[in-house]
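Trainee: I would like to go through the strands of this model. Please start with the terms.

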Amino acid sequence: MDMDTGTTTTATTTAATNATAATEKAATEKAESGSMRRELGDREVFAIGLGAMPMSIRDQTDEKRSIRTIHAALDAGVMLIDTADAYSSGPDDIGHNERLVAKALATWSGDGSNVIVATKGGHLRAADGSWPVDGRPDHLREACEASLKALGVEAIGLYQFHRPDPQVPYAESVGTLRDLLDEGKIRMAGISNASVAQIEEAARIVPLASVQNEFSPAFRSSIEELSYCDRRGIAFLPWSPLGGMSHAGQLGGRHEAFAQIAEQHGVSPQQVALAWELAKSPVVIPIPGASRPETILDSVQAVRLTLNESELALLDAE
Ligand SMILES: NC(=O)c1ccc[n+]([C@@H]2O[C@H](COP(=O)([O-])OP(=O)(O)OC[C@H]3O[C@@H](n4cnc5c(N)ncnc54)[C@H](OP(=O)(O)O)[C@@H]3O)[C@@H](O)[C@H]2O)c1
């Protein structure tokens, strides 16, 4: 009996110890994953997204590799993919990047319902490779319908007005986002390439989930908009966070402090850049571009890199 009791007690104690260990492990994992997540409107996403643009702008020839890149990002925990209707080779190819992202999501083995695809309207892609703007409400409506089709969804996760059109009052373009939101065609609204005044104006018209502006070691003047988003709790998505497609690979060569600190941590200078951006504010969600699995897999590791105050000061001063 005693033995029985003893056995039961031992079993209970062991089970309790196991349960405590499991709870602690779960709590640690949650805390870790919590620190790797950031708010985007009413959702939470992994702190680093994937910029899909290079797969349609620079080189469209290897679709299989592009899909492997998107799958690698998703497998690594990425929950935000940034695209745009204009990420294409020209006017006859509009929606190329959106169709690619949709294809990758359809063939991914994971749960795509946790993934937010953020697309944009308001830019065109001309045959000469230039990027005219069109912020007219009629165009944005048509563009949104085309994006819904290209992405194969009933509502777009995050729809961003790509760039202010000087020919169209900003309130009219942003007002169209408000209408699309009310009609349920888009789940969240964002803007891109906006000044503080434009963010303020847009936020009066539509609940703003995000602002997407250029920000990187090479381009820091949008710190003003980043700080504004920080104060307002609006997600700030730095675009070209590594300095852009043609310079990202040489980030360390162009920015010595980033290379130095990378060496000390045994990581890439690109990871240091992304960790520096993440440290700017909890609203920051960088969207590094990639066309190869290796690069996005390196970039996502930046969420694990903590830079101390003196390192951050050094990078700020560079
Ligand atoms: N709203 C706007 O007006 C606007 C404008 C431009 C871009 N964007 C968005 O922002 C995203 C990011 O910008 P971006 O693609 O122009 O520039 P970026 O993110 O600064 O650089 C992209 C390049 O970085 C390379 N790369 C990525 N991670 C790396 C790593 N860890 N180590 C070494 N190289 C790495 C990739 O190389 P591989 O190609 O070899 O993988 C890729 O081509 C775009 O994809 C797009 O979604 C928005």
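Mentor: Two strands pair if DSSP finds at least two bridges between them. Strands (E, at least two residues) and helices (H or I, at least four) are DSSP runs, numbered from the N terminus. This is a predicted model: local features need pLDDT of at least 70, side-chain atom pairs count only at pLDDT 80 or more, and totals for chains, interfaces and linings use all residues. Residues are numbered from 1 along each chain as its sequence is written.

Trainee: In E9, which residue is the bridge partner of Ser210?

Mentor: Strand E8 (residues 208-214) runs parallel to E9, and five bridges join them. In E9, the partner of Ser210 is Ala235.

Trainee: In what order do the seven strands form the open sheet?

Mentor: The pairing is parallel. Seven strands make up the open sheet, in the order E3-E4-E5-E6-E7-E8-E9.

Trainee: Which are the edge strands?

Mentor: An edge strand here pairs on one side only. That applies to strand E3 (50-51) and strand E9 (235-239).

Trainee: How many of the residues of strand E5 are buried?

Mentor: A residue is buried if 20 or more other C-beta atoms, placed from the backbone, lie within 10 Å of its own, exposed if 12 or fewer, and partly exposed in between. Ile116, Ala118 and Lys120 point one way from E5, and Val117, Thr119 and Gly121 the other way. Strand E5 (residues 116-121) is largely enclosed by the rest of the structure, because the buried residues number six of the six.

Trainee: Which residue in E6 stands opposite Gly121?

Mentor: Four bridges join E5 to strand E6 (residues 158-161), in parallel. Opposite Gly121 stands Phe161.
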